[in-house]
Every structure is written in structure tokens, then in C-alpha cells.
Amino acid sequence: MSSINKSGSYQLGHRQVRRLGYGAMQLAGPGVFGPPKDPAMAVRVLREAVAAGVNHIDTADFYGPHVTNQLIKQALHPYPDDLCLVTKVSARRDEKGGWIPAFSAQELTQAVEDNLRHLGLDVLEIVNLRSMLDIHQPKEGSLEAPLTALAELQHRGLIRHIGLSNVTPTQIADARKMMPIACVQNFYNLAQRADDALIDQLAAQGIPYVPFFPLGGFTPLQSQVLVDVAHRLQATTMQVALAWLLQRSANILLIPGTSSPAHLKENLAAATLSLPPAELQLLNGVA
Ligand SMILES: NC(=O)c1ccc[n+]([C@@H]2O[C@H](COP(=O)([O-])OP(=O)(O)OC[C@H]3O[C@@H](n4cnc5c(N)ncnc54)[C@H](OP(=O)(O)O)[C@@H]3O)[C@@H](O)[C@H]2O)c1
């Protein structure tokens, strides 16, 4: 626990979480569809993450679907008091694993109820509305109707905080006129820097930014600069990529995903890696 404490902590909803967390998406089967090959290993990864001090886990009921939430419940329920489980809604899966937008009030209500049941909770700590206006990237368009539906579920006591995912700065500003926004989860890493200005803006507003695909996602980051820096610091490339994010801004909370206990251990050890200014400068040039 002492080593992950070195990542520091930040306010998420009304909890203080360690900045190194865990993303559960990789625990489902190939293509985030169906069960994993080794469910016992998935349970082990979750338990080892929490034992190491992780108290922020990202999930969604459409991972599997249902699979990662069921694994989280199996591995960790009853949950430690300080564990912040963050889920997301607005998509469902078809019979081949395709990702289908599910934005209506009825679909969002169903998704919240499914998350509650599969996680074994009475209230969801944070629910991110994941925009599906474009599945791959943020796209302008009104999110007022789905946010109104989530606010109603919040009013019913099923959701504590609302966040946003795959969104533009305009959508965040519009949403903040309707309600407090607990966090923003967008695609960002060493090589994918479209949100640089947004991160600084959110930092000034005290809003956590949670990059998804912090290691590059399905195709982990590859860069000779990263390899060279890692070699000089006697670290791994993935540790350098995570340490760079931790040093990028204090409001960045990490949720690297892995299905491997060895990778989990390696990733959490990034909390102790400090990048000297000269190496940071080289890494900043990767994008
Ligand atoms: N809001 C959204 O739209 C959205 C989209 C995507 C993801 N997410 C969330 O963000 C989280 C993080 O994204 P992600 O898991 O897809 O991608 P990621 O964290 O960038 O990378 C995960 C990939 O890197 C590999 N990996 C992890 N640690 C490694 C290490 N130390 N050495 C070598 N390879 C390593 C994993 O394989 P192994 O299993 O073999 O380690 C996996 O293939 C997800 O778990 C999910 O909760 C949200």
C-alpha cells in the first residue's frame, strides 16, 4: 500500500481516491465480450489491486456484457468502505458483441438497475454518461435529454454523482449548467493529446480527468523515445507512460486495465517512478 500511496490522492465525488486506480474492461473475454478464459485469474487481479491500495475501479455493465460487474461483485463484495466504483451507461451490446447506443430514458434506467444488481449495490457512487453520438470520438450534440434522465435517477437515490465520457469541452460546459460534474473520462495518453487544454481547464475547476486507454488500449503504446527513457530509468515502457500521466496534472486519475497480476504489479509500481525534467521534455515530444 505504501508504494501506491506515492501516486497521491484526489477528490472524486465526495471521496478521496488514490490517483492510481484500475480499469476492469480487460477482465471480460476477447473483444470485451463474454467471460474471460480464466475467471479465477480475473478475481485474483481485482483482489490484488484492492490489497495493494487501489480504491478507484472503473467498470460498465456493457463489458461482457455484465461480466466485469459480476466478477467485481464476486471478488470484492462486501466492498471496502473506501472503494469508489465508477460505472458508465449509454451503450448495449448486440449478439455479436457490437456496441449499440442506448441513450433513451428507459434504456438508461435499465442500465442503472442492471449495474446496481450486478454489482450488488443500492446506490451507484458515480455514473458516467458515455456519449455515443460517435462511438470512437467526442462529437458535438446535445446531451440534455440523457442527462435529465440521469438526474431523475439521482433524485430517486440510485446515483450519487454524475460524470461524462467521450465528450467535448462545450458538452462539459453545458452539462455543468445543469448539474455538478464529478469527473470526465476521455481518450488520452502520451501519444494522444487532443485534450491537453481541457485537462488544464478541468484542473483549474477541481474536476478529475480520467484518461481511458492510458497505455494505448488494445494496441499498447509503442515509441522509441518511450523505450529509451524506460531503459535509462530502469523502468518499463508502461510504467513510464503511467508516470508521465501522473506528472502531467494533479487532477489526472489513472485506470490502467490488465488481466494479468504481473502487469498489475508493474503498473502500480509506476507510483514510485519520478521522471526527471529532461526525460519529461523528451516524452512531451512523443505526440
Ligand atoms: N469511457 C470509455 O469510452 C472507455 C473506453 C475504453 C476503456 N475505458 C476504461 O478505461 C480503462 C483503461 O483502458 P484499457 O484497459 O482499455 O486500456 P489500457 O489501460 O490503455 O491498456 C490495456 C492493455 O494494455 C495491456 N497492458 C496493461 N498493463 C501492461 C503492462 N504492464 N505491460 C504490457 N501490457 C500491459 C493489457 O493487456 P494485459 O491484460 O495482457 O495486461 C491491455 O491489452 C478500461 O479498463 C475501462 O475501464 C473507458
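Reader: Which residues does L150 touch, leaving out those up to four places away in sequence?

Author: In this predicted model, L150 touches L108, V127, L129, I159 and I162 once residues up to four places away are set aside.

Reader: And where does L150 stand in the largest nonpolar core?

Author: L150 is among the residues with the most contacts inside that core, together with V184 and A241. The core has 83 residues.

Reader: Which helix gives the largest share of this core?

Author: Helix α9, residues 237–248, contributes eight residues, the largest share.

Reader: How do the axes of α8 and α9 cross?

Author: The axes of α8, residues 224–233, and α9 come within 8 Å and cross at roughly 95°. Angles of 65 to 115 degrees count as roughly perpendicular, and therefore α8 is described as roughly perpendicular to α9.

Reader: Which residues make the contact?

Author: From α8 they are L226, V227, V229, A230 and L233, and from α9 they are T237, V240 and A241. By class, seven of the residues in this contact are nonpolar, one is polar and none is charged.

Reader: Turning to α3, is it mostly covered or mostly open?

Author: Helix α3, residues 67–76, is mostly covered, with seven of its ten residues buried. The buried ones are V67, T68, N69, Q70, L71, I72 and A75.

Reader: A change of topic: where is R160 placed?

Author: R160 lies in strand β9, which spans residues 159–165.

Reader: Why is R160 classed as partly exposed?

Author: R160 has 16 other C-beta atoms within 10 Å.

Reader: Which residues is R160 in contact with, beyond its neighbours within four places in sequence?

Author: R160 is in contact with G13, V123, L124, E125 and I126. As for A40, which is 120 residues apart from R160 along the chain, the two C-alpha atoms are separated by 31 Å.

Reader: Finally, the ligand: which residues come nearest?

Author: Of the 27 residues around the ligand, G23, M25, L215, G257 and T258 come nearest. Helix α10, residues 261–268, supplies the largest share of the shell, three residues.

Reader: How does that shell divide by class?

Author: The shell around the ligand has 13 polar, ten nonpolar and four charged residues.

Technical notes. Residues are numbered from 1 along each chain as its sequence is written. This is a predicted model: local features need pLDDT of at least 70, side-chain atom pairs count only at pLDDT 80 or more; totals for chains, interfaces and linings use all residues. A residue is near a molecule or strand if its C-beta atom, placed from the backbone, lies within 6 Å of it. Helices (H or I, at least four residues) and strands (E, at least two) are DSSP runs, numbered from the N terminus. Ala, Val, Leu, Ile, Met, Phe, Trp, Tyr, Cys and Pro count as nonpolar, Asp, Glu, Lys and Arg as charged, and the others, Gly among them, as polar. A residue is buried if 20 or more other C-beta atoms lie within 10 Å of its own, exposed if 12 or fewer, and partly exposed in between; C-beta atoms are placed from the backbone. Two residues are in contact if their C-beta atoms, placed from the backbone, lie within 7 Å. A nonpolar core is a set of buried Ala, Val, Leu, Ile, Met, Phe, Trp, Tyr and Cys residues joined through C-beta atoms within 7 Å. Axes are lines fitted to C-alpha atoms, for helices over the stretch in contact, and angles run from 0 to 180 degrees between N-to-C directions. Angles under 35 degrees count as roughly parallel, over 145 as roughly antiparallel, 65 to 115 as roughly perpendicular and the rest as oblique.
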